[in-house]
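Visitor: Hi! Could you walk me through the strands in this one?
Guide: Happy to, let's have a look together.

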Amino acid sequence: SKNDIIIGEYVRLRIEYEISPDHPTKSESVLIDLNGLGLLDGGVYLDGAPCPYSINGDAVSVNTNKNKGVLYLYLTGNKVGEYTVNARLSAETQNGIVYQPIASAKLSVSVSRIFIPEKIGTPSLAVSGLSVPYAAVEIFDNGISAGKTRANALGEWKTQIELNKTYSRSN
């Protein structure tokens, strides 16, 4: 649902697949390589309903036993970095097991996010953002501390800062 999250925030990954009736299968599974991301407990849904899954290290396996479906995974970032999630379909055919890549998604995890308006007409600015819950947040304007606050239990924070130059914002 989005590509940039902060630590502790979750993202919903949607995976849709379909096997042609021209290629009959005996069983189907979707395999997802999380590559360092976390999976929320109970965070796997198939066609809108919670479904069983297994985890082996960084890999999630969902036995769908369906030739068509939509899978949702609720993932979270626990460490700052760039991550790639890969999904592939595993299907047992009369000739053996076949693997087919389904999708790949990139996700960026950061410590915080800030929201600043582009233009204002006052010498001070209300800023807000998301961070790690209860984190100490310090805002800098051109390398100079402009304000400090603390995030709440949800990681939300806001503060008022004075601008370097009246009626303008530095980058």
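Guide: One term before we start: two strands pair if DSSP finds at least two bridges between them. Also, this is a predicted model.

Visitor: Good to know. In β10, what is the bridge partner of aspartate 4?
Guide: That partner is serine 108. The strands involved are β1 (residues 4-6) and β10 (residues 96-110), which pair in the parallel sense over 3 bridges.

Visitor: And serine 108, is that buried or exposed?
Guide: Serine 108 counts as buried, because its relative accessibility is 16% and the cut-off for buried is under 20%.

Visitor: Which side chain does the serine 108 side chain make a polar contact with?
Guide: The side chain of glutamate 82, at 2.9 Å. Leaving out residues up to four places away in sequence, serine 108 touches Asn3, Asp4, Ile5, Gly81 and Glu82.

Visitor: How does β9 pair with β10?
Guide: β9 (residues 81-93) runs antiparallel to β10, with 13 bridges between them. One of the pairs is alanine 87 with alanine 103, and a hairpin of 2 residues connects the two strands.

Visitor: Switching topic: what order do the strands of the open sheet follow?
Guide: The order is β2-β8-β4-β5, with antiparallel pairing. β2 (10-18) and β5 (49-50) are at the edges with a single partner strand each, so one side of each has no neighbour in the sheet.

Visitor: How many bridges join β2 to β8?
Guide: There are 9, and β8 covers residues 68-76. Among them, valine 11 is partnered with leucine 75 in β8.

Methods. Residues are numbered from 1 along each chain as its sequence is written. This is a predicted model: local features need pLDDT of at least 70, side-chain atom pairs count only at pLDDT 80 or more; totals for chains, interfaces and linings use all residues. Side-chain values use heavy atoms; hydrogens and water are left out. Helices (H or I, at least four residues) and strands (E, at least two) are DSSP runs, numbered from the N terminus. Buried means under 20% relative accessible area, exposed over 50%, partly exposed in between (1.4 Å probe, protein chains only). A polar contact is a pair of N or O atoms within 3.5 Å; within protein, one must be able to donate a hydrogen and the other to accept it, and residues adjacent in sequence count only if both atoms are side-chain atoms. Contact means heavy atoms within 4.5 Å.
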